[in-house]
Amino acid sequence: MTRVTDCIIEVHDARIPFTSRNTYANQSYAGRPRILLLAKADLVSPHELDMICKQISVKEGIPVCATSNTVKQKRKFRGLIKDGVSMANADQLTIAKPHYTFFVSGIPNVGKSSFINTFKKNLDHDKNKLKVAPHPGVTKKISNRLKILDAPKVYIYDTPGVNLPVLDNPESIMKLAACGAVPTTVVGQIQAADYILFWLNRKGQYKYAFQCGLAGPSNNIIEVLAYYARRRNLMLHGKPIINDAAEHFVAMFNKGELGQVILEDF
């Protein structure tokens with residue numbers, strides 16, 4: 001597929017910009033124009049996001065664009081696509097083509113379909129809109145070619161999240177579970193919540209204390225979840241349902257309700 005495309009758009013989660021990268025992306029995309037799109041940027045602090053974008057752009061020599069995958073980002077997306085067209089023309093040393101084909105790549109649940117739907121909504125009033133969900137595995141196969149721009153004509157393929165992320169240590173899997181790239185059941189819901197709590201405390205993001213009804217920050221995930229369960233009436237026979245509270249805690253993190261945090265050292 002990559003051989004017949006004019007440009008590759010890698011979509012990655014801005015909260016785990018290194019862990020969510022395709023392990024073999026650089027090798028498989030070698031020689032093809034490439035753009036990196038950091039999705040879910042609204043879940044990351046602007047300062048850290050700017051640092052990450054500059055670091056990756058300088059290190060890899062590719063354009064980096066950060067987005068929250070909303071309709072408000074349409075103008076930025078349009079500029080991104082036109083940059084890809086320019087890169088494709090320069091790469092092929094040829095005049096403008098009658099149409100261009102882009103390939104969207106990334107691991108599960110990083111925002112590939114949301115990116116495409118931003119254009120789809122404008123062009124055809126949601127006809128053939130791609131399904132999106134807050135969990136991995138919604139896109140099951142490579143989609144039909146979709147037109148996302150008229151001038152120039154640009155077509156794009158959405159792909160299932162089959163690209164391999166970095167899984168060289170248990171912490172990488174924990175990061176992917178915390179951000180919804182793999183199901184939390186892979187590591188355990190309480191463990192995923194505990195990992196999120198670790199990073200929130202490390203970055204000084206203490207919104208969770210208010211959300212859970214705590215007097216202040218805590219390093220004890222069971223205590224945090226028990227307070228939350230009581231506040232939300234997640235109880236059974238007078239006892240907190242800790243697993244349900246953990247599921248809620250992870251969901252709040254992925255909605256940005258617990259703060260803007262990158263789960264990476266850089």
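Colleague: How are the axes of helix 6 and helix 8 oriented where they come within 10 Å?

Modeller: In this predicted model, helix 8 spans residues 221–231, and its axis crosses that of helix 6 at roughly 105°. Angles of 65 to 115 degrees count as roughly perpendicular. Helix 6 is therefore, relative to helix 8, roughly perpendicular.

Colleague: Into which classes do the residues of the contact of helix 6 with helix 8 divide?

Modeller: Helix 6 contributes I190, A193, D194 and L197. These meet I221, I222, V224 and L225 of helix 8. By class, the residues of this contact are seven nonpolar, no polar and one charged.

Colleague: At what angle do the axes of helix 5 and helix 6 cross?

Modeller: Helix 5 covers residues 170–178 and helix 6 covers residues 189–202. Their axes come within 9 Å, and helix 5 is roughly perpendicular to helix 6. The crossing angle is roughly 95°.

Colleague: How many charged residues does the contact of helix 5 with helix 6 have?

Modeller: On helix 5 the contact is made by E171, M174, K175 and A178, and on helix 6 by Q191, A192, Y195, I196 and W199. Asp, Glu, Lys and Arg count as charged. Beside six nonpolar residues and one polar residue, the charged residues number two.

Colleague: Which strands are the edge strands of the open sheet of six strands?

Modeller: The strand order is 3-2-1-4-6-5, with mixed pairing. An edge strand here pairs on one side only. The edge strands are strand 3 (64–66) and strand 5 (146–149).

Colleague: Which residue is the bridge partner of L149 in strand 6?

Modeller: Strand 5 pairs with strand 6, residues 154–157, in the antiparallel sense over three bridges. Within strand 6, the partner of L149 is V154.

Colleague: Is K40 buried or exposed?

Modeller: K40 lies in the loop between strand 2 (34–39) and helix 2 (46–60). Although not a glycine, K40 has a positive phi of about 60°. Its relative accessibility is 17%, and the cut-off for burial is under 20%. K40 therefore counts as buried.

Colleague: Is N233 buried or exposed?

Modeller: N233 is located in the loop between helix 8 and strand 7 (235–236). N233 is not a glycine, yet has a positive phi of about 60°. With a relative accessible area of 62%, against a cut-off of over 50%, N233 is exposed.

Colleague: Which residues have the most contacts inside the largest nonpolar core?

Modeller: The largest nonpolar core has 60 residues. A second, separate core has twelve residues, including V44, C53, I56 and I62. Inside the largest core, the residues with the most contacts are F102, F115, I156, Y208, F249 and L263.

Note on methods
Residues numbered from 1 in each chain as written. Predicted model: local features only at pLDDT ≥ 70, side-chain atom pairs only at ≥ 80, totals over all residues. Heavy atoms only, no water. Core = buried A, V, L, I, M, F, W, Y, C linked by side-chain atoms within 4.5 Å. Buried < 20%, exposed > 50% of the residue type's maximum accessible area, 1.4 Å probe, protein only. Axes fitted to C-alpha atoms, helices over the stretch in contact; angles between N-to-C directions. Helix = DSSP H or I, 4+ residues; strand = E, 2+ residues; numbered from the N terminus. Parallel < 35°, antiparallel > 145°, perpendicular 65-115°, else oblique. Contact = heavy atoms within 4.5 Å. Pairing = 2+ DSSP bridges.
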